[in-house]
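Hello,

Here is the structure we talked about handing over. Please have a look, then read my notes below.

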Amino acid sequence: MIIYQPHIDSTSRVSWRGGESTQLHYEELSGTQWRAVDVRTLGGGIPTGMSDMHAKMVDYYHHCQDMELERCMAMAD
């Protein structure tokens with residue numbers, strides 16, 4: 001498994017299970033367990049290089065953070 005987590009103490013992350021999986025998983029820490037929140041399929045298939053995979057994971061992480069911010073702002077209105 002490969003994980004993108006911006007800080008060691010972050011409570012959210014993006015993971016890729018490896019192998020032939022074409023899915024990235026956005027997860028949040030709940031107690032001591034990571035729980036799935038969202039899944040994105042890599043439309044172009046598995047990236048061929050680690051820098052490409054890293055870029056896709058970072059992009060997805062920021063997308064999920066933006067969606068969470070929008071959800072919180074909508075709830076506050």
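**What was found**

Ser10 sits in the loop between strand 1 (2–4) and strand 2 (12–16). Strands (E, at least two residues) and helices (H or I, at least four) are DSSP runs, numbered from the N terminus. This is a predicted model: local features need pLDDT of at least 70, side-chain atom pairs count only at pLDDT 80 or more, and totals for chains, interfaces and linings use all residues. Residues are numbered from 1 along each chain as its sequence is written, and side-chain values use heavy atoms, with hydrogens and water left out.

Ser10 is buried, at a relative accessible area of 10%. Buried means under 20%, exposed over 50%, partly exposed in between (1.4 Å probe, protein chains only). Neighbours within four places in sequence aside, Ser10 is in contact with Gln5 and Trp34. Contact means heavy atoms within 4.5 Å.

Now the rings. The structure holds three aromatic pairs. Rings of Phe, Tyr and Trp (its six-membered ring) pair if their centres lie within 6.5 Å; planes under 30 degrees apart are stacked, over 60 edge-to-face, the rest tilted.

Tyr4 and Tyr61 have ring centres 5.4 Å apart and planes at 75°, so this pair is edge-to-face. Tyr4 lies in strand 1 and Tyr61 in helix 1 (residues 50–76), so the pair ties together parts 57 residues apart in sequence. Tyr4 is buried at 16% relative accessibility, and Tyr61 is buried at 7%.

Tyr26 and Tyr60 have ring centres 6.5 Å apart and planes at 75°, so they too are edge-to-face. Tyr26 is in strand 3 (residues 23–30) and Tyr60 in helix 1, 34 residues apart.

Tyr4, Tyr26, Tyr60 and Tyr61 form one aromatic cluster.

Best wishes
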